[in-house]
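Work through the exercises below with the sequence and the coordinates at hand. Each task is followed by a solution in steps.

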Amino acid sequence: MIGTADTAEPILVVEGLKKSFALRRPTLDVLMRRPVKTLRAVDGVSLSVARGETLGVVGESGCGKSTLARCLVRLYEPDAGSVRFGGQDALALSGDDRRAYNRRVQMVFQDPYGSLNPRISVGDALGEALSVHRIVPSGEIAARVGALLDLVHLPRDAASRYPHEFSGGQRQRIGIARALAVEPSVIIADEPVSALDVSVQAQIVNLFLELQERLGLALLFITHDLRLVRHISHRVAVMYLGRVVETGATEALFNAPRHPYTRALMSAVPQVAVGLRSQREAVRGELPSPVAPPPGCPFHPRCPIAEPRCREIVPALDPRGGAWEVACHLAGDVASAPARAAVSA
Ligand SMILES: Nc1ncnc2c1ncn2[C@@H]1O[C@H](COP(=O)(O)OP(=O)(O)OP(=O)(O)O)[C@@H](O)[C@H]1O
Ligand code: SF4
Ligand SMILES: [Mg+2]
């Protein structure tokens, strides 16, 4: 990753964000008047991202990455916590201010097939985004659509074609152009390359890097691929069971992870050459259910160095010097131990 955004002011600051889902009760539970169960998808996430910075968010499947993304673009209403955008309380915005936030914080979805309307031409889809938010006068829309296609390296004649006429990689370029049409400050990209062929993933990743540098975007890049996150991010946030358990500058975190979960993931496979899905067995035991998360530290049932207090006291995400934060009672002790100590036998 070239460059760093260490000194930039955060544009998006998230603190203690929570989002639960009420689960549908089986008929018997309804008849027996058993209480509704809730699933804690996001359970107190704190993180920040600065202008010109890429924050990589990694975590196993089901740890709450997409729910977090949807809360940040206001597709879901969070239950608790705060989101500050450019100093404003983003969760309290309404009317024009809320529309301005929706414009400034854009999402790029994992599935470039599902996120485009098959009956609307690419030019109309981009033009619609431009006119809804009154980005340019109507007479200038065609020219701006052309400029957006240039930006994502698609030919200008793409404007008159329909989504089914494009490959997966090209459709993701269209998705990115649509997000950029409204001149956002923050892009939240939720696994934007994982549905694509391996051969085109690198092209889309490079496009993100190019656009981010060129436009000075704050980019929150969600992925389960550790190698990719290392390549693309200035900083990394590692999520486990709805929380951020460690965050820090990418190279420092990869070279000396301090949370036992991060250490287990990263030490299990030399050179961190594969993604989390194939590393899952590197961490002992099953991922606990977010319907009944463990008390205390959520990682304690799987942690090889858990102490009695870990079963009772939730470790806070504490700064350990500079911007590095770890949610572990023993992070200081772990830091000096060999990484292998955190991996299950
Ligand atoms: N709309 C919903 N209703 C009920 N439960 C949900 C809903 N959306 C997500 N969940 C649950 O919330 C938890 C977090 O899901 P989420 O999709 O945010 O995880 P993720 O980290 O994005 O996973 P993946 O890597 O597989 O995309 C999971 O247990 C999931 O089953
Ligand atoms: S707080 Fe305890 S259980 Fe949790 S990661 Fe640290 S040592 Fe392990
Ligand atoms: Mg997801």
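The exercises concern a predicted model and go from the whole chain to single sites.

**Exercise 1. Overall make-up**

Task: State how many helices and strands the protein has, and what share of its residues is buried.

Solution:
- Step 1. The secondary structure consists of twelve helices and twelve strands.
- Step 2. The protein has 345 residues, and 48% of them count as buried.
- Step 3. Take the contacts between residues at least 6 apart in sequence: 67% of these join residues at least 24 apart.

**Exercise 2. The largest pocket**

Task: Describe the volume of the largest pocket and the residues and elements that line it.

Solution:
- Step 1. The volume of the largest pocket is about 560 Å³.
- Step 2. Its lining comprises 27 residues, of which Gln106, Met107, Phe109, His133 and Arg178 are the closest to the centre.
- Step 3. Two or more lining residues come from each of helix 3 (95–104), strand 6 (105–108), helix 4 (122–132) and helix 6 (168–181).
- Step 4. Helix 4 contributes the most, with five residues.
- Step 5. Sorted by class, the lining has 16 nonpolar, seven polar and four charged residues.

**Exercise 3. Helix 4**

Task: List the buried residues of helix 4 and find the helices they pack against.

Solution:
- Step 1. Taking buried as under 20% relative accessible area, the buried residues of helix 4 are Val122, Gly123, Ala125, Leu126, Gly127, Ala129 and Leu130.
- Step 2. An α-helix has 3.6 residues a turn, so residues three or four places apart point the same way.
- Step 3. The buried residues of helix 4 pack against helix 5 (141–151) and helix 6.
- Step 4. After helix 4 comes arginine 134, with a positive phi near 45°.

**Exercise 4. Valine 105**

Task: Is valine 105 buried or exposed, and which residues does it contact beyond its neighbours within four places in sequence?

Solution:
- Step 1. Valine 105 belongs to strand 6.
- Step 2. Its relative accessible area is 3%, so valine 105 is buried.
- Step 3. Leaving aside neighbours within four places in sequence, valine 105 contacts Leu72, Val73, Phe85, Val186 and Ile188.
- Step 4. Leucine 219 lies 114 residues from valine 105 along the chain, and their C-alpha atoms are 9.8 Å apart.

**Exercise 5. Ligand 2**

Task: Locate ligand 2 and classify the residues around it.

Solution:
- Step 1. Ligand 2 is placed in the largest cavity.
- Step 2. There are 13 residues around ligand 2, and Cys297, Cys303, Cys310, Cys328 and His329 come nearest.
- Step 3. The shell around ligand 2 has ten nonpolar and three polar residues, and no charged residues.

Methods: Residues numbered from 1 in each chain as written. Chains lettered and ligands numbered in written order. Predicted model: local features only at pLDDT ≥ 70, side-chain atom pairs only at ≥ 80, totals over all residues. Heavy atoms only, no water. Near = heavy atom within 4 Å. 1 Å grid on protein atoms, 1.4 Å probe; cavity = no way out; pocket = protein on both sides within 12 Å on 5 of 7 lines; lining within 4 Å. Sits in = over half its atoms within 2 Å of the grid points. Nonpolar A, V, L, I, M, F, W, Y, C, P; charged D, E, K, R; others polar. Points joined across faces, edges and corners; volume = space filled by probe spheres on them. Helix = DSSP H or I, 4+ residues; strand = E, 2+ residues; numbered from the N terminus. Buried < 20%, exposed > 50% of the residue type's maximum accessible area, 1.4 Å probe, protein only. Contact = heavy atoms within 4.5 Å.
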